[in-house]
Amino acid sequence: MYETEINLKPIGIVRSPTKDTGEVPIPGKPAEILVYPQYSQALLRIEANSHLWILGWFHLSKRDSLVTVPARVNPYLPQYGVFGLRSPNRPNPIGLTLVRLQAVEGNILKVTNLDAVDGTPVLDIKPYYEQDIVFSPATPYIRPYELSMRRDIFFKQALTHHQEECDHLYMAVRMALIADEYMGQITLPQVTLRVSGSPCLADTLQGLSRARLANPARFEFTAQDGPSQSIWEKPGRRLIITARQSVNRESFKVISDEELFEITVTE
Ligand SMILES: [Zn+2]
């Protein structure tokens with residue numbers, strides 16, 4: 001016999017200044033999770049984890065969608081089945097977010113990047129483990145239509161990987177955005193990457209491109225003090241991005257590609 005119904009009791013609730021689902025950016029937002037007092041003991045030693053999976057119940061979602069277009073990301077994408085997407089609209093609207101645990105204050109967890117609005121019931125909390133990491137998974141290319149959303153998502157990926165908001169991380173994100181523009185999906189196995197510059201630039205670009213040193217060999221790095229450069233190649237196309245100047249938190253979103261880079265494409 002198949003189960004026809006399962007009863008779940010929320011173990012807590014999301015507290016966030018964000019009330020409207022349309023206001024939650026794709027990379028999520030900082031929020032608090034209030035764990036109900038009867039479950040306090042289940043938080044014992046949870047602070048040993050830097051990252052947690054939060055399973056929430058998207059109580060505002062529609063439950064009758066089996067296929068959908070991820071229109072918030074890009075209205076021109078084709079339809080996908082909801083089990084191949086993170087769409088909140090699905091038969092059981094369970095939300096899954098990987099968050100960074102910033103602080104534990106009694107029954108309250110302060111987290112970053114939570115994809116949930118104020119009042120979202122929380123079903124479960126689980127640790128994120130090293131063995132959860134798949135460095136270069138194959139995924140559909142759900143490319144955001146808006147540059148600002150592509151930038152925010154690359155920035156989140158870069159920070160998750162590099163774990164430090166240094167100037168070279170900003171440079172890497174800007175280079176990856178150019179590569180995405182000229183080369184298409186930069187995580188594909190046929191896209192190779194050669195980086196010269198700082199180890200921080202190389203590490204962040206490796207995290208964004210998922211280019212590994214071997215199997216397949218997609219990544220090379222030369223440490224040098226000269227101008228930062230990344231060379232991207234795939235069959236029939238080569239892209240060379242050379243930095244004309246450095247970039248930092250202030251200039252990251254405002255400096256133009258032309259001011260920041262010399263860009264060469266050869267077919
Ligand atoms: Zn760094």
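**Helix packing and nonpolar cores**

In this predicted model, helices H1 (residues 147–162) and H2 (residues 167–183) pack at an angle of about 130 degrees, and their axes lie 10 Å apart. Helices (H or I, at least four residues) and strands (E, at least two) are DSSP runs numbered from the N terminus; axes are lines fitted to C-alpha atoms, for helices over the stretch in contact, with angles from 0 to 180 degrees between N-to-C directions. H1 is therefore oblique to H2, since angles under 35 degrees count as roughly parallel, over 145 as roughly antiparallel, 65 to 115 as roughly perpendicular and the rest as oblique. The contact (C-beta atoms, placed from the backbone, within 7 Å) involves Arg150, Arg151, Phe154, Phe155, Ala158, Leu159 and His162 of H1, together with Leu169, Ala172, Val173, Ala176, Leu177 and Asp180 of H2.

The largest nonpolar core comprises 27 residues, of which Ala172, Val173, Ala176 and Leu205 have the most contacts inside it. Such a core is a set of buried Ala, Val, Leu, Ile, Met, Phe, Trp, Tyr and Cys residues joined through C-beta atoms within 7 Å, a residue being buried if 20 or more other C-beta atoms lie within 10 Å of its own. Two or more residues each come from H1, H2, strand E9 (192–197), helix H3 (199–209) and strand E12 (237–243), with H2 giving the most, nine residues. Beyond its neighbours within four places in sequence, Ala172 is in contact with Ala158, Leu201, Thr204, Leu205 and Leu208. A second, separate core of 16 residues includes Val14, Ile54, Leu109 and Val117.

Residues are numbered from 1 along each chain as its sequence is written. Local features need pLDDT of at least 70 and side-chain atom pairs count only at pLDDT 80 or more, whereas totals for chains, interfaces and linings use all residues.

Key: Contact = placed C-beta atoms within 7 Å. Buried ≥ 20, exposed ≤ 12 C-beta atoms within 10 Å, placed from the backbone.
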